[in-house]
Amino acid sequence: MTFSDDRPTMIEFKDVHKYYGDYHALRGINGTIKAGEFFSLLGPSGCGKTTLLRTIAGFEDISSGVIMIDGKDMAGVAANVRPTNMVFQSYAIFPHMSVAENVGFGLRKDPRSKEEKAKAVAEALEMVGLKGYGNRAAHALSGGQRQRVALARALILKPKVLLLDEPLSALDKKMREHMQVELIKLQRQVGITFILVTHDQEEALVMSDRIAVMFEGEIAQLADPETLYRRPNSKKVADFIGTMNFIPTTVLSESNGSVEIEAKGLGRATLDASMAPPAKGESPVVGLRPETLTLLYDDQKATERETDGVIDEVIYFGDMTYYDVYLGGTDVEVRLSMRNVPGRPVLEVGDKVRVAWSPSALVLFR
Amino acid sequence: MKAPWLRGFTFLYLLFLYSPILLLPIFAFNASKVVSFPLSGFTTDWFVEMWNDQNLRIAAKNSLIIALSVATLSTILGIFAARASVRYRFPGKAPIMGLIMLPLVLPEMIVAMSLLVVLLSIGVNLSLLTVIMGQVLICTPFAVAILTSAFQSLDRSLEEAAMDLGETQWSTFRLIILPLVMPGILASFLICFTISFDEFIIANFLGSGQPILSVYIFGQFRFPAKVPSMLALGTVLVCFSIILLGFAEYMRRRGIAKAGGKDTGGFL
């Protein structure tokens with residue numbers, strides 16, 4: 001049971017297709033986004049994530065299928081009347097207006113009095129941490145400030161859904177990490193459904209309640225970050241999210257609830273059926289994350305299983321060291337990460353080591 | 001390495017370019033009907049004579065009507081064409097845009113002659129209107145060129161943002177696009193105005209003898225007695241141009257400063 005399960009549906013996709021001429025940009029999108037959810041569309045460039053976001057906003061028509069927002073079919077509903085607002089990748093701040101004019105732009109047809117509107121603008125600016133910036137010229141702002149103005153401008157209309165198109169990609173690393181936390185806080189504060197498009201898997205994992213991983217116009221997996229990380233449903237998703245070692249494997253037998261395998265260099269193991277997503281017809285491999293492997297020092301014993309290995313490469317990161325290790329006299333190489341704690345020396349290339357691992361951390365792809 | 005002759009060449013080039021224009025005011029204030037050195041004294045008579053020339057007034061008025069109409073029409077057509085070429089894809093776009101721009105390199109003589117033949121053969125009476133139509137044809141490419149770059153520098157997300165915030169296509173155009181391309185519109189208007197104002201060939205061919213400034217000035221040069229007052233007129237036009245260009249540049253820089261853009265150089 002995750003956060004999203006008991007929420008009402010905000011957006012529903014039913015077999016959504018989009019063609020640009022002969023190019024099939026969206027290939028049958030299905031799925032739901034829940035109210036109040038922080039949802040991410042994650043994928044490499046060209047996977048259709050931005051196209052999907054733009055079909056929600058109404059900037060792109062869909063070729064077939066249905067998009068429902070809050071129970072209403074959006075077919076033929078123009079962008080300017082949809083209950084969505086967007087924060088653009090370029091922020092799209094109107095350069096010939098002040099900050100307050102930008103933020104208040106969407107209130108033009110609002111029947112409220114001038115004073116009430118000004119108050120709403122001031123509140124929106126305060127919410128994004130730009131209190132007192134109203135009279136500044138929009139073009140005199142920094143990148144981070146522009147982003148906040150774009151957020152305030154979209155949120156002042158109290159949309160049902162806020163769409164964010166790679167909003168952090170133009171910021172430097174420090175600012176980006178800062179804004180990630182701010183966006184999460186802001187989303188909790190306003191309770192609006194946020195849909196974020198990003199190609200940065202780390203960003204998606206940090207910020208989202210659920211993530212749809214997209215490849216070539218299709219959703220490959222839609223799940224919460226932990227499921228996505230621990231139990232990716234395909235080799236491709238596993239490879240895209242974080243680092244994953246893949247080890248050639250033979251499937252020995254399969255019974256109700258478990259799969260018996262033999263992985264090269266690791267040996268035999270029994271996997272729970274939940275760690276063996278449906279077969280895709282590929283040659284079988286097991287995946288395991290670097291942090292699920294541990295180097296054993298002289299006096300240590302493995303709690304579950306261990307395998308011999310030889311260090312092939314050492315990559316030092318300060319707080320962590322990554323080791324590339326050949327397993328059990330084979331040509332199978334895995335990467336593992338070790339925390340650098342006091343009294344534990346960094347090992348060297350060519351050192352013989354013992355590697356501890358756990359069968360429960362293995363995911364089978366086939 | 002510096003080449004001293006380059007400096008000299010630049011100097012001679014600029015001298016050749018601008019000294020004739022500098023001579024205009026000198027002879028315009030010279031108290032002699034003969035345009036030659038030595039100068040024989042200061043007078044403002046030529047300006048008075050110019051001011052009292054009724055035909056000149058009519059010609060100037062006609063020219064202003066033509067230039068304002070041509071600048072307005074060309075710029076409006078330019079806005080449509082530039083917007084279409086920057087924003088939309090449609091069949092035959094490349095040849096259509098090419099044909100719109102063609103008069104830029106087409107000899108004006110050919111445009112003027114063929115228009116004259118066509119207009120006469122379909123029985124249209126020549127008037128200021130026919131001059132305006134002809135000049136719009138040759139000014140529109142300039143307007144399109146200037147406005148295309150103005151529209152191109154506009155971020156498409158700005159339009160989408162305005163629509164996203166509840167505006168229609170039309171109000172988005174009015175509130176966002178138009179103010180942001182205004183410097184380009186102004187530049188286009190002034191360029192077209194200037195081109196039309198001193199245009200001679202079409203004015204002469206399609207004007208049916210109506211007094212139009214460029215044609216009138218050319219005609220007056222046949223009478224030596226009239227030359228000094230034409231120089232006075234030239235002086236006024238030079239001052240007028242400088243003021244106009246100065247104003248255009250001021251507006252352009254203000255527009256850039258307002259939009260926070262970088263100055264990439266204008267006419268001046």
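Q: In this predicted model, how many bridges join strand β11 of chain A to strand β14 of chain A?
A: Let's start with β11 (residues 245-255) and β14 (residues 285-288) of chain A, which run antiparallel. Along this pairing, A:Phe246 stands opposite A:Gly287 in β14(A). The number of bridges joining β11(A) to β14(A) is four.

Q: Which residue in the turn between β11(A) and β12(A) has a positive phi?
A: β11(A) also pairs with strand β12 (residues 258-263) of chain A, in the antiparallel sense and over six bridges. In that pairing, A:Thr249 faces A:Ala263 in β12(A). The two strands make a hairpin with two residues between them, and the one in the turn with a positive phi, about 85°, is A:Gly257.

Q: Which strands stand at the edges of the six-stranded open sheet in chain A?
A: The strand order in this sheet is β6-β7-β8-β3-β9-β10 (chain A), and the pairing is mixed. An edge strand here has a single partner, so one side of it is left without a neighbour in the sheet.

Q: Which residue of β8(A) stands opposite A:Leu42?
A: Look at strand β3 (residues 38-42) and strand β8 (residues 193-198) of chain A, which pair in the parallel sense over five bridges. The residue of β8(A) that stands opposite A:Leu42 is A:Thr198.

Q: At about what angle does helix α4 of chain A run to β6(A)?
A: Helix α4 covers residues 143-155 of chain A. It lies across β6 and β7 (161-165) of chain A. Its angle to β6(A) is about 175°.

Q: Why is one side of β2 and of β5 of chain A left without a neighbour in the sheet?
A: Here the open sheet has four strands, ordered β2-β1-β4-β5 (chain A), with antiparallel pairing. β2 (23-34) and β5 (72-73) of chain A stand at its edges, so each has just a single partner strand.

Q: Which element of chain A has the highest mean pLDDT?
A: Chain A averages a pLDDT of 91, and 99% of its residues score at least 70. Among its elements, the lowest mean, 89, belongs to helix α5 (residues 173-190) of chain A. The highest, 96, belongs to strand β9 (residues 210-215) of chain A.

Q: How many helices are there in chain B?
A: Read along the sequence, chain B follows the pattern α-α-α-α-α-α-α-α-α-α-α. It has zero strands, and its helices number eleven.

Q: What percentage of the residues in chain B is buried?
A: The C-alpha trace of chain B spans about 70 × 65 × 40 Å along its principal axes. Of its contacts between residues at least 6 apart in sequence, 75% join residues at least 24 apart. Chain B has 268 residues, and the buried share is 33%.

Q: How many of the chain A residues that touch chain B are nonpolar?
A: Where the chains meet, 20 residues of chain A are in contact with 17 residues of chain B. On the chain A side, six are polar and two charged, while the nonpolar ones number twelve.

Note on methods
Residues are numbered from 1 along each chain as its sequence is written. Chains are lettered from A and ligands numbered from 1 in the order in which they are written. This is a predicted model: local features need pLDDT of at least 70, side-chain atom pairs count only at pLDDT 80 or more; totals for chains, interfaces and linings use all residues. Two residues are in contact if their C-beta atoms, placed from the backbone, lie within 7 Å. Ala, Val, Leu, Ile, Met, Phe, Trp, Tyr, Cys and Pro count as nonpolar, Asp, Glu, Lys and Arg as charged, and the others, Gly among them, as polar. A residue is buried if 20 or more other C-beta atoms lie within 10 Å of its own, exposed if 12 or fewer, and partly exposed in between; C-beta atoms are placed from the backbone. pLDDT is the predictor's confidence in each residue, from 0 to 100. Two strands pair if DSSP finds at least two bridges between them. Axes are lines fitted to C-alpha atoms, for helices over the stretch in contact, and angles run from 0 to 180 degrees between N-to-C directions.
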